[in-house]
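Take a look at the chain and its fold.

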Amino acid sequence: MSKHFGPDYVRAIAPYQAGKPIAEVAREFGLDEANIVKLASNENPFGVPESSKKAMAQVVADLGRYPDANGFDLKAALAKRYDVPADWITLGNGSNDILEIAAHAFVQKGQAVVYSQYSFAVYALATQGVGARAIVVPAAEYGHDLDAMAAAIDADTRLVFIANPNNPTGTFIPAAQIEAFLNQVPETVIVVLDEAYNEFLAPEHQFESAQWVRKYPNLVVSRTFSKAYGLAGLRVGFAIAQPAVTDLMNRIRQPFNVNSLAQAAAIAALNDTVFLEEGARNNAAGYQQFVEAFDELGLEYVPSFGNFVLVRVGDDDEAGARVNLALLKQGVIVRPVGNYGLPQWLRISIGLPKENAVFLAALKQALG
Ligand SMILES: Cc1ncc(COP(=O)(O)O)c(C=O)c1O
């Protein structure tokens with residue numbers, strides 16, 4: 001008889017599939033790392049802002065000490081930026097940490113979590129990690145069906161995850177619809193509004209979600225420095241919520257979850273408007289470059305509000321894997337999304353114009 005360790009709900013977890021690292025693809029396919037283009041993890045193609053590099057250099061000498069467990073300076077900078085008190089902020093080791101913290105703080109085994117089909121993979125992981133029941137609501141047009149999600153909330157539900165824009169589909173929900181949803185949710189249910197891609201939204205789509213937490217005591221707004229701010233490798237994200245919610249999240253949070261380099265880099269990046277603007281411009285231009293090419297190739301795609309596009313590369317269920325392999329052989333790493341139930345699709349992060357062009361040429365080749 002084979003022995004099993006751990007609870008059933010932990011053994012049932014399918015591990016997170018990250019984008020393939022460049023070094024791994026180089027080894028596997030006998031390619032030169034320098035020629036590989038990685039558009040697989042929705043990272044910032046400009047890399048780390050210079051302002052953050054300078055800020056990090058200044059704290060290197062102090063790395064023998066633990067980080068500030070309360071992230072005083074970073075929270076002060078965030079409080080100023082978002083016009084909320086500092087004790088409404090929870091820092092995370094990336095915003096994935098915020099999602100996990102929320103699940104641990106608000107949900108226990110046997111209770112339920114609501115999220116959408118085709119929404120970010122970590123919602124399922126966070127739910128399973130606490131032994132909760134997932135209520136996965138069918139998507140509408142590849143995005144969240146908020147009415148169906150509100151209707152799906154049952155007596156056991158303690159948490160709802162909403163991604164806006166959503167990954168991997170790139171769909172966006174306008175402010176009025178989210179507010180209408182928040183007005184329907186029972187106040188005993190926490191809503192995590194995950195806005196990892198918020199900074200890529202055009203001004204007409206931006207709204208003051210951070211201010212909504214004043215009106216909704218059950219709302220947690222989650223943000224990250226991994227995407228628009230170019231700090232994915234440092235792992236820093238944060239949540240904004242009222243103090244009663246923030247207090248519980250901070251009890252679950254590991255005291256030193258955001259390291260000293262990450263805290264310093266994030267403060268610098270937060271104030272680097274030039275870097276953000278350049279990133280947004282590059283993203284908008286890259287999106288055009290992609291969709292014009294997809295139109296030309298007759299490929300269906302989901303209109304995206306993030307820094308990536310979901311494109312359908314065939315109509316059989318091996319299409320995603322097949323085209324992905326053909327791209328890898330040419331040194332282009334993108335993200336197959338079969339694990340999301342989208343086996344005919346690939347998710348491509350928007351890169352620099354030249355990287356986008358390399359991908360598009362490889363895609364044409366791969367499609368024959
Ligand atoms: C919707 C969404 N939320 C959260 C994250 C987590 O990012 P991080 O942990 O780097 O902040 C991602 C990353 O891809 C994402 O797509």
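Predicted model: local features only at pLDDT ≥ 70, side-chain atom pairs only at ≥ 80, totals over all residues.

E10 covers residues 308-312, and E13 covers residues 345-349. The two run antiparallel, and 5 bridges link them.

E10 and E13 are part of an open sheet of 4 strands. Read across, the order is E9-E10-E13-E12, and the pairing is antiparallel. Strand E9 (301-302) and strand E12 (335-336) stand at the edges. Each has a single partner strand, so one side of each has no neighbour in the sheet. Helix H13, residues 319-329, lies across E12 and E13. H13 runs at about 40° to E13.

## The seven-stranded sheet

A second open sheet has 7 strands. Their order is E2-E8-E7-E6-E5-E3-E4, and the pairing is mixed. Which strands stand at the edges? They are strand E2 (89-92) and strand E4 (133-137). Each pairs with a single strand, so one side of each is left without a neighbour in the sheet. Neighbouring strands of this sheet are turned by 20° against each other on average, direction ignored.

Look at one pair up close. Strand E7 (residues 219-224) and strand E8 (residues 237-240) pair in the antiparallel sense. They share 4 bridges. Val221 has Ile240 in E8 as its bridge partner.

Helix H4 (residues 72-82) lies across E2, E7 and E8. H4 runs at about 125° to E2.

Helix H6 (residues 121-129) lies across strand E3 (112-116), E4, strand E5 (157-163) and strand E6 (190-194). The angle between H6 and E5 is about 160°.

## Around the ligand

Which residues surround the ligand? They are Gly94, Ser95, Asn96, Phe120, Asn167, Asp194, Ala196, Tyr197, Thr224, Ser226, Lys227 and Arg235.

A backbone N or O atom of Ser95 lies 2.6 Å from an oxygen atom of the ligand. A polar backbone atom of Asn96 is 2.9 Å from a ligand oxygen atom. Asp194 uses its side chain: an N or O atom there is 2.6 Å from a nitrogen atom of the ligand. How much of the ligand's accessible area does the protein cover? On its own, the ligand has 400 Å² of accessible area, and the protein covers 94% of that.

Most peptide bonds are trans, and most residues other than glycine have a negative phi. Some places in this chain go the other way. A cis peptide bond joins Asn164 and Pro165, with omega about -10°. Pro165 sits in the loop between E5 and helix H8 (175-184).

Another cis peptide bond joins Asn167 and Pro168, with omega about 15°. Pro168 lies in the loop between E5 and H8. Asn167 is also one of the residues around the ligand.

Then there is Tyr118. Tyr118 is not a glycine, yet its phi is positive, at about 60°. Where does Tyr118 lie? Tyr118 is in the loop between E3 and H6.

## The domain on record

UniProt lists residues 35-356 as "domain: Aminotransferase class I/classII large", in an unreviewed entry. Over residues 35-356 the chain is 39% helix and 17% strand. The end C-alpha atoms of this stretch are 13 Å apart.

Terms used: Residues numbered from 1 in each chain as written. Heavy atoms only, no water. Pairing = 2+ DSSP bridges. Contact = heavy atoms within 4.5 Å. Axes fitted to C-alpha atoms, helices over the stretch in contact; angles between N-to-C directions. Near = heavy atom within 4 Å. Polar contact = N/O pair within 3.5 Å; in protein donor to acceptor, adjacent residues only side chain to side chain. Areas by Shrake-Rupley, 256 points an atom, 1.4 Å probe, with all protein chains shown as cover. UniProt positions renumbered as here; feature names shortened; annotations may be inferred.
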